[in-house]
Amino acid sequence: QVQLVESGGGLVQAGGSLRLSCAASGRTFSNYAMGWFRQAPGKEREFVAAIGRIGGLRNYADSVKGRFTISRDNAKNTVYLQMNNLRPEDTAVYYCNTVNWGSWTVYDYWGQGTQVTVSS
C-alpha cells in the first residue's frame with residue numbers, strides 16, 4: 001500500500017490560485033501514474049487530473065482544462081496540482097491516489113484530503 005498525504009488547500013477568492021501537494025510513501029513512486037480527485041459536499045468523488053509515471057502524459061477533466069496543471073517530482077515522491085483562476089464550483093476536498101491510466105481506477109486507500117474553498 002502507498003500512504004498518501006495531501007496538503008496545500010485553503011480559502012481563496014474566485015480567480016485566485018492554490019498549489020496542492022501530495023506526498024507518497026510505501027512503494028516505488030515512479031512505478032505509478034498519479035491522479036487528483038475531488039469531492040464536493042453531497043456529491044460523488046470525481047476525477048480531476050492524472051499524470052503518467054514519468055510525467056509525459058497528462059489528462060484533465062473538461063471542467064479544469066486550461067486552469068489546472070498536474071506535475072510530479074519523482075525524486076521527492078510528490079505530485080502537485082497547480083490551480084489557477086479558481087471558481088466557487090471548485091470548492092471540494094481534494095485527494096490524490098495511484099491510478100490505472102485511462103480508467104482512473106485507484107489502487108490505494110484514500111488519504112485525508114485537503115479542503116479547497118473558493119469564495120465568490
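These legends describe close-up views of aromatic rings and nearby charges in a predicted model.

**View 1. The aromatic cluster.** A search of the whole structure finds five aromatic pairs. Ring pairs join Phe37, Phe47, Tyr95, Trp101, Trp104 and Trp110 into a cluster. Two of these pairs follow, and both include Phe47.

**View 2. Phe37 and Phe47, an edge-to-face pair.** The ring centres of Phe37 and Phe47 lie 5.9 Å apart. Their planes meet at 75°, which is over the 60 degrees needed, so the pair counts as edge-to-face. Phe37 belongs to strand β4, residues 33-39. Phe47 belongs to strand β5, residues 46-51.

**View 3. Phe47 and Trp104, a stacked pair.** Here the ring centres of Phe47 and Trp104 are 4.5 Å apart. The planes stand at 10°, under the limit of 30 degrees, so this pair is stacked. Phe47 sits in strand β5. Trp104 sits in the loop between β9 (92-99) and β10 (114-119). Phe47 and Trp104 are buried.

**View 4. Arg45 over Tyr95.** Tyr95 is one of the cluster residues. The charged end of Arg45 sits over the Tyr95 ring. It lies 4.4 Å from the ring centre.

**View 5. Arg72 over Phe29.** Arg72 lies over the face of Phe29. The distance to the ring centre is 4.4 Å.

Definitions and conventions. Residues are numbered from 1 along each chain as its sequence is written. This is a predicted model: local features need pLDDT of at least 70, side-chain atom pairs count only at pLDDT 80 or more; totals for chains, interfaces and linings use all residues. Side-chain values use heavy atoms; hydrogens and water are left out. Rings of Phe, Tyr and Trp (its six-membered ring) pair if their centres lie within 6.5 Å; planes under 30 degrees apart count as stacked, over 60 as edge-to-face and the rest as tilted. Helices (H or I, at least four residues) and strands (E, at least two) are DSSP runs, numbered from the N terminus. Buried means under 20% relative accessible area, exposed over 50%, partly exposed in between (1.4 Å probe, protein chains only). A charge sits over a ring if NZ of Lys or CZ of Arg is within 6 Å of the ring centre and within 35 degrees of the ring normal.
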